[in-house]
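Let's go through this fold with a few quick questions. Here is the model to look at.

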Amino acid sequence: MQKFIAIIAILSITFCSCTKENLCIEQGQFKGTFRRVDLSNTDFGVSQVTLNLNDGKFSGTSSQQNYPAIGAGNYSTNNDLIIFDNTSFFTADFDWSYILDGTFEMRNFGDSLILIKENNGPVFYKDEYRLKKE
């Protein structure tokens, strides 16, 4: 039994070393909101989202079609960043900047997670996911 507990402790440290420099994301299901604002502070509305993070894989859904388009793929973390590599197939009938893909700044507050991505050109906008672990 002690050997089993030691293995679990080592795996926990290996998969999630939480320090100020390297934020940790708990694996599991997160629910919350997505919002986009632009340079003129136009708010494009709020959508309810679900994001699943497990073993470097992600998937999710949104209450509004393609706002955002979460799909599925892989993710990795680097310090206070999370990088999504979306491997889903998407049709060409919507703005692909809404696809969950690329690098986001990550802020972790206990069981809450905030993901922020800013696009500074040619069109400025900021996407923000506010999530809570279920």
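Q: Which residues touch the most other members of the largest nonpolar core?
A: First, the ground rules: this is a predicted model, where local features need pLDDT of at least 70 and side-chain atom pairs count only at pLDDT 80 or more, while totals for chains, interfaces and linings use all residues. Numbering starts from 1 along each chain as its sequence is written, and side-chain values use heavy atoms, with hydrogens and water left out. A nonpolar core is a set of buried (under 20% relative accessible area, 1.4 Å probe, protein chains only) Ala, Val, Leu, Ile, Met, Phe, Trp, Tyr and Cys residues joined through side-chain atoms within 4.5 Å. Of the 20 residues in this one, the answer is Leu51, Leu53, Phe84 and Leu115.

Q: Which strand gives the largest share of this core?
A: Strands here are DSSP E runs of at least two residues, numbered from the N terminus. Those giving two or more residues to the core are β1, β2, β5, β6, β7 and β8. The largest share is 3 residues, and it comes from β2.

Q: How many strands make up the closed barrel?
A: Two strands pair if DSSP finds at least two bridges between them. β1 has 9 bridges to β2 and 9 to β8, antiparallel in each case. Running β1-β2-β3-β4-β5-β6-β7-β8, the barrel has 8 strands.

Definitions and conventions:
Buried means under 20% relative accessible area, exposed over 50%, partly exposed in between (1.4 Å probe, protein chains only). Helices (H or I, at least four residues) and strands (E, at least two) are DSSP runs, numbered from the N terminus.
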